Amino acid sequence: VNYLRKRINIFKYPRLSVNQSFRLEERFRQQIINEFEKGTGYGFNYRTRYNIFLNIALSHQAFAPHTLSAAFYNEIYLNFGKQIIYNTFDQYRLFGGLNYTMNKQSSLLFGYLYSFQQLSSGKAYRNLHVARIFYLYNLDLHNKNNPGHKGVHDVSFLSQRKKLSAV
């Protein structure tokens, strides 16, 4: 599966973080004859996903190492392309749980996931109730040898502008 993802941090307050992401996937999938039989060929389609994620700090030191936060997300998956006839809707996921921040780069997310998914026939659906554990690790790909390098979402120039205007 090839995909393109864009994650946007809507806003971040000291104890609240809300993110949303859009994802576009190119999918090559084995053809399905019925619920029990697979075909020999492959089909191509696209799938888009939209996710909104809410993280609420539960401790005084929000999102610091060794702290907990409540985590919730809501995600919908939609299929589209020439071969999609009956199953534009793919699945819906709803998650609630706890996020344990281990350090600046990693956290452990665990909780309950409800998933409602349309099966390949386009006429049948599946409800799943799942206990889920995620290990999340954020890679820091900034060039550490370049001290003047700013991150893609660096807004420190805003505070510098205030300092300059105050002088």
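Mentor: Let's start with a word we'll need a lot: two residues touch, or are in contact, when they have heavy atoms within 4.5 Å of each other. Keep in mind that this is a predicted model, where local features need pLDDT of at least 70 and side-chain atom pairs count only at pLDDT 80 or more, while totals for chains, interfaces and linings use all residues. Residues are numbered from 1 along each chain as its sequence is written, and side-chain values use heavy atoms, with hydrogens and water left out.

Here's the overall layout. The protein chain has one helix and seven strands, in the order β-β-β-β-β-β-β-α along the sequence. Both kinds of element are DSSP runs, numbered from the N terminus: helices are H or I with at least four residues, strands are E with at least two. Of the chain's 167 residues, 27% count as buried. Buried means under 20% relative accessible area, exposed means over 50%, and partly exposed is in between, using a 1.4 Å probe and protein chains only. Among contacts between residues at least 6 apart in sequence, 45% join residues at least 24 apart.

Now the inside. The largest nonpolar core has seven residues: Phe53, Ala71, Tyr73, Phe95, Leu109, Leu113 and Phe134. Strand S4 (67-80) and strand S6 (106-118) are the elements that give two or more residues to this core. Such a core is a set of buried Ala, Val, Leu, Ile, Met, Phe, Trp, Tyr and Cys residues joined through side-chain atoms within 4.5 Å. In soluble globular proteins, nonpolar side chains tend to be buried together.

Setting aside residues up to four places away in sequence, Tyr73 touches Asn51, Ile52, Phe53, Arg93, Leu94, Phe95, Leu113, Arg132 and Phe134. Among those, Phe53, Phe95, Leu113 and Phe134 are also members of the core.

Ala70 sits in strand S4 too, and is buried, with a relative accessible area of 12%. Beyond the neighbours within four places in sequence, Ala70 is in contact with Leu54, Asn55, Ile56, Leu58, Gly97 and Leu98. The C-alpha atoms of Ala70 and Gly96 are separated by 7.6 Å, although these residues are 26 apart along the chain.

Leu98 counts as partly exposed because its relative accessibility is 30%. Together with Leu58, Leu68, Phe110 and Ile133, Leu98 makes a nonpolar surface patch of about 440 Å². (A patch takes residues with over 30% relative accessible area and no salt bridge, joining like charges within 9 Å and nonpolar side chains, meaning Val, Leu, Ile, Met, Phe, Trp and Tyr, within 5 Å.)

Next, look at Ser115 in strand S6. Ser115 is buried at 4% relative accessible area, and its side chain joins that of Gln91 through a polar contact of 3.5 Å. (A polar contact is a pair of N or O atoms within 3.5 Å; within protein, one must be able to donate a hydrogen and the other to accept it, and residues adjacent in sequence count only if both atoms are side-chain atoms.) Apart from residues up to four places away, Ser115 touches Gln91, Tyr92, Arg93, Arg126, Asn127 and Leu128.

Another joins Arg49 to Glu75, with the closest N and O atoms 3.0 Å apart. Here Arg49 is in strand S3 and Glu75 in strand S4, 26 residues apart. Arg47 and Asp90 are both buried, and Arg49 and Glu75 are buried as well. Glu25 and Arg23 also form a salt bridge, at 3.1 Å from N to O, and both are buried. A network of salt bridges links Arg23, Glu25, Arg27, Arg47, Arg49, Glu75 and Asp90.

Last stop: the loop between S3 and S4, where you'll find Phe63 and His66. Phi is positive in both, near 60° for Phe63 and near 65° for His66. Phe63 counts as partly exposed at 21% relative accessibility, whereas His66 counts as exposed at 58%.

Note on methods
Areas by Shrake-Rupley, 256 points an atom, 1.4 Å probe, with all protein chains shown as cover. Salt bridge = Lys/Arg side-chain N within 4 Å of Asp/Glu carboxyl O.
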